[in-house]
Amino acid sequence: MKISEVAQRIELPISTIRYYEKMGIITDEYILREQNNYRNYTSDIIDYLQVVKNCLAVGFTINDIKSMISLKGISKEVQARIIKEKIAEIEAAQLNLENAKQTLYGLLQTDITCENGFGKYDRTVS
């Protein structure tokens, strides 16, 4: 399968597929080289890239994915640990966002204004 077909089927730009290959996300097992050195991808690349897309969508980074690939297979226990760590990261981020939201709601309740300069209190309000 040519890179343009892969890009179309997985809905990724060709440049992203090339980047994944350069970064080692797409490994040699998914690439067949023709005599003219053109890339041909195996049909398994579609499912594989869907997994990569899903991992990125839930917050894993390219480096996280590279680390998992470098393990060349992981046990169910290790997989569960990695997923639980990501869940913990998401929960921590949610808590930070909730705290930030509450802080902003608190700011709405104060008489702080920017009309007289950033962060100055309006002392004329009674």
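Residues are numbered from 1 along each chain as its sequence is written. Because the model is predicted, local features need pLDDT of at least 70 and side-chain atom pairs count only at pLDDT 80 or more, while totals for chains, interfaces and linings use all residues, and side-chain values use heavy atoms, without hydrogens and water.

**Overall form**

The protein has 5 helices and 4 strands, where helices (H or I, at least four residues) and strands (E, at least two) are DSSP runs numbered from the N terminus. Along the sequence they follow the pattern α-α-β-β-α-α-α-β-β. The C-alpha trace spans about 80 × 35 × 20 Å along its principal axes.

Helix α1 (residues 3–10) packs against helix α2 (residues 14–23) at an angle of about 105°, with the axes 9 Å apart. Axes are lines fitted to C-alpha atoms, for helices over the stretch in contact, and angles run from 0 to 180 degrees between N-to-C directions. That makes α1 roughly perpendicular to α2 (65 to 115 degrees). Contact means heavy atoms within 4.5 Å.

| Helix | Residues in the contact |
|---|---|
| α1 | Ile3, Ser4, Val6, Ala7 |
| α2 | Ile14, Ile17, Arg18 |

**The largest pocket**

On a 1 Å grid over the protein atoms alone, a pocket is an open set of points where a 1.4 Å probe fits, with protein on both sides within 12 Å along at least five of seven lines; lining residues have an atom within 4 Å of a point. The largest pocket has a volume of about 330 Å³, the space filled by probe spheres set on the points. Its lining includes Thr27, Tyr48, Cys55, Met68 and Lys72. The elements giving two or more residues to this lining are α3 (44–57) and α4 (62–70).

Notes: Parallel < 35°, antiparallel > 145°, perpendicular 65-115°, else oblique.
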